[in-house]
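This report looks at selected side chains in a protein model. The sequence and the structure come first.

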Amino acid sequence: MALGAGISVLSLQSCSSTLVVNSTLESNKVRVAKSNFTTEVNSILVRVKELEFDVLVVKIESDYCAIYLQCSHESNPLNYTSGKIVCNSHGSQFDLEGYPTVGPADKRLRRFVIE
């Protein structure tokens, strides 16, 4: 996961104090630098110009999971809070692998490969 061309780390942070970085999308791969993750930071939001919604990247032990924050129920934006991915529009909730845990959503969220 090398920091590549076209990626810049922003000093901005969202309301939930999650680091926000810009990246690019190539063949379902999002490029994110491992150096963004520390003992205090295990999740970041990735902004990709080609995508309408952010991508949440979470480090769980030595694995990374990248989930598109668009609800699989009716395509509404999702929020990441308290370790859960939540749709404020209809109440759906998802685990950190993108599987629905509370409906009405019944499909897994789109995921990306981390590079």
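The text below covers aromatic pairs and then one serine.

This is a predicted model, in which local features need pLDDT of at least 70, side-chain atom pairs count only at pLDDT 80 or more, and totals for chains, interfaces and linings use all residues. Residues are numbered from 1 along each chain as its sequence is written, and side-chain values use heavy atoms, with hydrogens and water left out.

**Aromatic pairs**

The structure holds three aromatic pairs. Rings of Phe, Tyr and Trp (its six-membered ring) pair if their centres lie within 6.5 Å; planes under 30 degrees apart count as stacked, over 60 as edge-to-face and the rest as tilted. Two of the pairs are listed here.

| Pair | Centre distance | Plane angle | Kind |
|---|---|---|---|
| F37 and Y64 | 5.1 Å | 65° | edge-to-face |
| F53 and Y68 | 5.9 Å | 65° | edge-to-face |

F53 lies in the loop between β5 and β6 (55-60) and Y68 in strand β7, 15 residues apart; strands are DSSP runs of E, at least two residues, numbered from the N terminus. Both F53 and Y68 are buried, meaning under 20% relative accessible area (1.4 Å probe, protein chains only). F37 is also buried, at 8%. F53 and Y68 form one aromatic cluster with F112.

**Serine 92**

S92 sits in the loop between β9 (84-86) and β10 (93-94). Its relative accessibility is 0%, so S92 counts as buried. Beyond its neighbours within four places in sequence, S92 has contacts (heavy atoms within 4.5 Å) that include C71, H73, I85 and A105. The S92 side chain reaches the backbone nitrogen of A105 at 2.9 Å.

Note on methods. Helix = DSSP H or I, 4+ residues; strand = E, 2+ residues; numbered from the N terminus. Buried < 20%, exposed > 50% of the residue type's maximum accessible area, 1.4 Å probe, protein only. Polar contact = N/O pair within 3.5 Å; in protein donor to acceptor, adjacent residues only side chain to side chain.
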